[in-house]
Amino acid sequence: MPTLSGKFETRRKAEMAVERLVQEHEIDRKHVQIQPEGTENSVGDEAAGSDATSGDPSPLARGDAALEGGIVVTVDVQDEKITKVRKAFKEFDAQSGGKA
């Protein structure tokens, strides 16, 4: 079974890609891994979600987000779903689509 990997700037984008794969393309969640790019805990390269400023009334952006590198999603995928995985990675701006 081939393995594909994609690096995302935020945990939110990584999680959205995983949800697309699991819910719409029926890839078994046990074949998907999400982990920080490096050895430190990370929410990605960019602040997003509750770490970023939003519209009023909102608390200020947090300055303590663990921005220690990207989030890597790795998928063990059946040959017939490789294109779907690559499209999901691209849809959520993965920096690399990995290789089969």
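A residue is called buried under 20% relative accessible area, exposed over 50% and partly exposed in between, with a 1.4 Å probe and protein chains only. On that scale H25, with a relative accessible area of 18%, is buried.

The model is a predicted one, in which local features need pLDDT of at least 70 and side-chain atom pairs count only at pLDDT 80 or more, while totals for chains, interfaces and linings use all residues. Residues are numbered from 1 along each chain as its sequence is written, and side-chain values use heavy atoms, with hydrogens and water left out.

**View 1. Overall arrangement of the helices and strands.** The protein has two helices and three strands, which follow one another from the N terminus in the order β-α-β-β-α. Helices (H or I, at least four residues) and strands (E, at least two) are DSSP runs numbered from the N terminus. Of the 100 residues in the protein, 33% are buried. When contacts (heavy atoms within 4.5 Å) are taken between residues at least 6 apart in sequence, 78% of them join residues at least 24 apart.

**View 2. The packing of helix α1 against helix α2.** Helix α1, residues 11-24, and helix α2, residues 82-91, pack at an angle of about 150 degrees, and their axes lie 9 Å apart. This angle makes α1 roughly antiparallel to α2, a term used for angles over 145 degrees. The axes are lines fitted to C-alpha atoms over the stretch in contact, and angles between the N-to-C directions run from 0 to 180 degrees. On the α1 side the contact is made by A17, R20 and L21, and on the α2 side by K84, V85, A88, F89 and E91.

**View 3. The largest nonpolar core.** A nonpolar core is a set of buried Ala, Val, Leu, Ile, Met, Phe, Trp, Tyr and Cys residues joined through side-chain atoms within 4.5 Å. The largest such core has 18 residues, of which F8, V73, V75, V85 and F89 touch the most other members. Two or more residues of this core come from each of β1 (3-8), α1, β3 (71-76) and α2.

View 4. V73 lies in strand β3 and counts as buried because its relative accessibility is 0%. With neighbours within four places in sequence left aside, V73 contacts L4, S5, G6, F8, A14, V18, V32, Q33, I34 and F89. A14 is 59 residues from V73 in sequence, yet their C-alpha atoms are 6.6 Å apart in space. E15 is found in helix α1 and is partly exposed, at a relative accessible area of 37%, whereas V73 is buried.

**View 5. H25 and E26 in the loop between α1 and β2.** H25 lies in the loop between α1 and β2, and E26 is found in that loop as well. Residues up to four places away in sequence not counted, the buried H25 touches R20, K81 and K84. E26 counts as exposed because its relative accessible area is 65%, and although E26 is not a glycine, its phi is positive, at about 55 degrees.

View 6. K90 lies in helix α2 and, with a relative accessible area of 68%, is exposed. From C-alpha to C-alpha, K90 and F8 are 9.9 Å apart in space, while 82 residues separate them in sequence. D93 is found in the segment after α2 and counts as partly exposed, at 44% relative accessibility. The phi of D93 is near 65 degrees, a positive value in a residue other than glycine.

**View 7. G70 in the loop between β2 and β3.** G70 has its place in the loop between β2 (32-36) and β3, where it counts as buried because its relative accessibility is 0%. The C-alpha atom of G70 is separated by 9.4 Å from that of Q95, and the two residues are 25 apart along the chain.

Note on methods
Angles under 35 degrees count as roughly parallel, over 145 as roughly antiparallel, 65 to 115 as roughly perpendicular and the rest as oblique.
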